[in-house]
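This report looks at how two chains are arranged and at what lies between them. The sequence and structure come before the discussion.

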Protein chains: 2
Amino acid sequence: MTGLSPSDPLSAGQLLARGVCRHLSGHDFATVEEFTPERGKRVDVMALGPRGEIWVIECKSSRVDFTSDRKWGGYLEWCDRYFWAVDVDFPTELLPDDTGLIIADAYNAELIRMGPEEKLPPARRKALTLRFARQAARRLQGLRDPRV
Amino acid sequence: MTGLSPSDPLSAGQLLARGVCRHLSGHDFATVEEFTPERGKRVDVMALGPRGEIWVIECKSSRVDFTSDRKWGGYLEWCDRYFWAVDVDFPTELLPDDTGLIIADAYNAELIRMGPEEKLPPARRKALTLRFARQAARRLQGLRDPRV
C-alpha cells in the first residue's frame with residue numbers, strides 16, 4: 001500500500017481520492033482512504049458522516065480503470081450510499097445511473113449525483129464503524145509514532 | 001493542542017501516553033491521544049479494543065500533576081475501564097485502589113492492575129465509537145493532507 005505516508009508520491013486514483021476527501025471534509029464527513037471493510041476487500045474512500053452515515057467512493061482515473069473493475073458490485077453491501085469519483089474528462093455515460101457521481105481532481109471535488117440510499121443493517125454498521133475507528137487510529141499512530 | 005504533529009516536542013505526560021499507546025497496540029487496542037469525549041472534556045488516551053471495549057487512560061507525570069486534577073472522576077462515565085499511567089517513580093499509593101494502573105515510560109508500558117469493568121450503556125458506546133472514528137480519521141487526514 002503506497003501513498004499512505006505524506007511523503008509517498010500519489011497515483012492518479014489517489015490524487016482523485018485526496019480531492020474527494022477534502023470535499024467531504026467540508027461536508028462534515030470524516031474519511032479513510034484505502035479502507036478494508038473485510039479481509040481481501042479494499043475501497044478507495046470510506047466516509048463516515050456526523051450521524052454515522054457510511055459512504056463508499058471508488059475513484060476511477062480512466063475508462064480502462066473502470067471497465068477492468070469487476071469488484072465494485074461487491075462494495076454496495078458495505079455502505080449506505082455508493083459513489084464513483086472521476087475526473088472531468090471521464091465518459092460518465094459508462095457509469096450506472098443508480099450510483100452516485102462525484103467529479104474530482106487532486107484538489108477538490110463536487111458531488112454531482114447523490115447515490116441512492118440502501119441502509120446498512122445495524123449489526124454491520126456497528127462492525128464497520130468499529131473497524132473504521134480502529135484502522136484510522138492505527139494509521140494515525142503509525143504516522144505520529146513510526147516506531148509502532 | 002501541541003504534540004499532535006510528528007515534529008512537535010512532547011510533554012512529560014505526552015511521552016507517557018506514547019509509551020502507553022505502544023503497549024496497548026501490542027494488545028490489539030487502537031488508541032487516540034487527547035481524545036475529546038464531549039465538548040470541554042479531554043482524556044489523555046482513549047483505547048478501542050477488538051470487540052469495541054473502551055478504555056480511558058490518564059497519564060500523570062508527577063504527584064502534583066495528579067493532586068491538581070479535579071476532573072478525573074468525570075471520565076469514569078466515558079469508558080468501560082479506567083486506568084492511570086504513571087512512571088516508575090510515582091507514589092502509586094496516592095491512586096485510588098479501584099482504578100487500573102499502568103507503569104509507563106516514553107517507550108513502553110506495563111499493565112499492573114486492570115481497571116474494574118463498568119460497562120457503558122449501548123447508546124453511549126455507539127456515540128463514543130463514532131466520535132473516536134471521526135476524530136481519528138480527521139487527524140489522520142490532517143497529517144496526510146495538511147491543506148485540509
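This is a predicted model: local features need pLDDT of at least 70, side-chain atom pairs count only at pLDDT 80 or more; totals for chains, interfaces and linings use all residues.

The same surface serves both copies, since 100% of the contact residues of chain A recur in chain B.

## Extent of the interface

The contact between the chains involves 36 residues of chain A and 36 residues of chain B. Between them, chain A and chain B bury about 3,100 Å², and 54% of this area is on carbon and sulfur atoms. Within chain A, the residues that lose the most area to chain B are A:Arg134, A:Leu140 and A:Arg144, which together account for 23% of what that side buries.

## Charged and polar pairs

Across the interface of chain A and chain B, 8 salt bridges are found. One of the partners in such a pair is A:Arg144, already named among the residues that lose the most area to chain B; A:Arg144 forms a salt bridge with B:Glu33, and the closest N and O atoms of this pair are 3.2 Å apart. The count of residue pairs in polar contact between chain A and chain B, with both residues at pLDDT 80 or more, is 16.

## Elements and composition of the chain A side

Which elements of chain A give two or more residues to the side that touches chain B? They are α1 (12-26), β1 (30-35) and α3 (122-144) of chain A, and the largest share of that side, 13 residues, comes from α3(A). Sorted by class, the side of chain A that touches chain B has 18 nonpolar residues, 7 polar residues and 11 charged residues.

## A strand pair in chain B

Turning to chain B by itself, strand β5 (residues 100-104) and strand β6 (residues 109-113) of chain B pair in the antiparallel sense over 4 bridges.

Note on methods. Residues are numbered from 1 along each chain as its sequence is written. Chains are lettered from A and ligands numbered from 1 in the order in which they are written. Side-chain values use heavy atoms; hydrogens and water are left out. Contact means heavy atoms within 4.5 Å. Buried area is the accessible area (1.4 Å probe) that two parts lose on being put together, summed over both. A salt bridge is a side-chain nitrogen of Lys or Arg within 4 Å of a carboxyl oxygen of Asp or Glu. A polar contact is a pair of N or O atoms within 3.5 Å; within protein, one must be able to donate a hydrogen and the other to accept it, and residues adjacent in sequence count only if both atoms are side-chain atoms. Ala, Val, Leu, Ile, Met, Phe, Trp, Tyr, Cys and Pro count as nonpolar, Asp, Glu, Lys and Arg as charged, and the others, Gly among them, as polar. Two strands pair if DSSP finds at least two bridges between them.
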